Amino acid sequence: MVRDITIEDFDYSLPESQIPLHPLPARDECKLLVFSPGGRIYHRVFKELPDLLPPGALLVCNDTKVINARLAFHKDSGAAIELFLLEPSSPSDYALNFQSREVCRWKCLVGNSKKWKEGEIRAIVKPINGCDEIIIKARRIETLADGASVIEFRWDKDDYTFGQILEIAGRIPIPPYLNRESEESDLIDYQTVYARVKGSVAAPTAGLHFTPRLFDSISAHAVPIMKVTLHVGAGTFRPVKSSSIGEHEMHAEPFNVTRSLLNSLIEWKRRGRPVVAVGTTTVRTLESLPYIGRNILQGVGNYAKVEQWQPYASEDFDTLEALKAILAKMDEDHLDSISASTSIMIAPGFKWRIVDCIVTNFHQPKSTLLLLVASFIGEDKWRPMYEEALREGYRFLSYGDACLLVK
């Protein structure tokens with residue numbers, strides 16, 4: 001049973017020397033390992049991707065944008081407190097929250113929390129092109145069961161939105177395993193070139209390899225390029241600490257998909273054409289959609305959340321009918337896009353319904369992302385692939401190299 005999978009079986013030795021602290025100067029010059037359907041492995045360069053995509057493919061990317069989610073504050077005593085923004089609380093809608101003036105609330109992780117029992121903390125910042133300082137105050141409204149807190153932010157200049165406040169005062173949240181502070185270069189390096197919708201606290205790193213010239217080449221190969229939006233949460237860094245994955249709680253992540261994408265997915269799956277997902281966040285979005293449709297067909301809410309184990313508990317159903325059910329509901333509600341959330345766990349035993357190829361990076365040992373890869377290419381094939389990548393000097397994790405997995 002999937003919940004009994006032992007995470008120790010997905011451990012491997014990753015030398016620090018193969019975890020780069022910065023990306024290559026040219027994003028699309030990184031190495032690309034190609035895992036073919038027969039299990040054969042080829043070594044290429046990422047800029048060759050357009051020639052390697054299967055005929056008739058549809059490419060889907062995640063256009064979320066990483067926010068400057070780390071904010072440094074001080075108590076009057078001088079104690080430093082860092083707030084790491086996780087998700088908006090009030091307003092709960094990302095766009096509305098970023099447009100807030102004077103006050104808003106966020107769910108946050110609190111660094112050095114023991115030094116902050118009560119009262120306000122503050123930060124004073126000055127816009128690059130501004131004259132007056134901005135005083136930002138924060139107070140803890142509630143401590144949540146998962147260890148996070150609801151924090152209320154107030155600032156004294158109502159001509160600045162909270163989105164602008166983050167641009168001025170925040171730092172980009174590079175992964176903790178890089179073991180360094182964020183740098184000016186990360187503001188560009190840790191964003192995809194197609195990042196558009198603010199909300200993530202971690203980058204969809206498979207997309208970091210794409211460049212405008214590469215997209216031009218992909219389009220020249222008659223491969224349509226479409227977008228989803230899934231805001232990546234801090235849970236992407238959470239290791240699986242339990243011995244079996246059934247005891248690991250997946251984080252929920254909000255996503256948005258358009259009518260246009262749903263129509264394309266239906267057309268591609270009906271014709272048996274391949275769907276290529278750029279990154280595990282895109283995978284999670286696309287593979288959650290049939291269960292959103294299943295919820296609608298069963299009368300379970302509208303565009304309800306996909307629960308962690310739902311794919312393994314559902315009776316078999318027709319994927320196309322489920323996707324069509326979403327479109328029918330959108331017609332009824334006069335919507336051109338839908339928003340939902342997913343806590344889906346993709347591990348060996350998962351039934352793949354949408355994705356035929358994955359562009360992704362090399363993932364951490366004992367991670368849920370490694371479980372996803374093993375589910376896609378085979379539980380007995382991920383380790384030989386990773387071992388070859390290590391032997392061949394591939395660079396791992398966020399700023400590392402990539403692989404193209406073909407089912």
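I took a salt bridge to be a side-chain nitrogen of Lys or Arg within 4 Å of a carboxyl oxygen of Asp or Glu. This is a predicted model, so I kept to pLDDT of at least 70 for local features and 80 or more for side-chain atom pairs, while totals for chains, interfaces and linings use all residues. Residues are numbered from 1 along each chain as its sequence is written, and side-chain values use heavy atoms, with hydrogens and water left out.

**Charged pairs.** My search of the whole structure found 30 salt bridges.

Next I checked K351, which meets D316 in a salt bridge at 2.8 Å, N to O. K351 is partly exposed at 42%, whereas D316 is exposed at 56%.

E152 and R139 also pair, at 3.0 Å from N to O. Here E152 is buried at 5% and R139 is partly exposed at 34%. I also noted a network of salt bridges linking D28, E29, K47 and R213.

**Cysteines.** How many disulfides did I find? With a disulfide taken as two cysteine sulfur atoms within 2.5 Å, the count is 0. The closest cysteine sulfur to that of C30 is in C403, 10 Å away, so it is too far for a bond. For C357, the nearest cysteine sulfur is again that of C403, 12 Å away. C30 is buried at 2% relative accessible area, and C357 is buried at 2%.

Notes
Buried means under 20% relative accessible area, exposed over 50%, partly exposed in between (1.4 Å probe, protein chains only).
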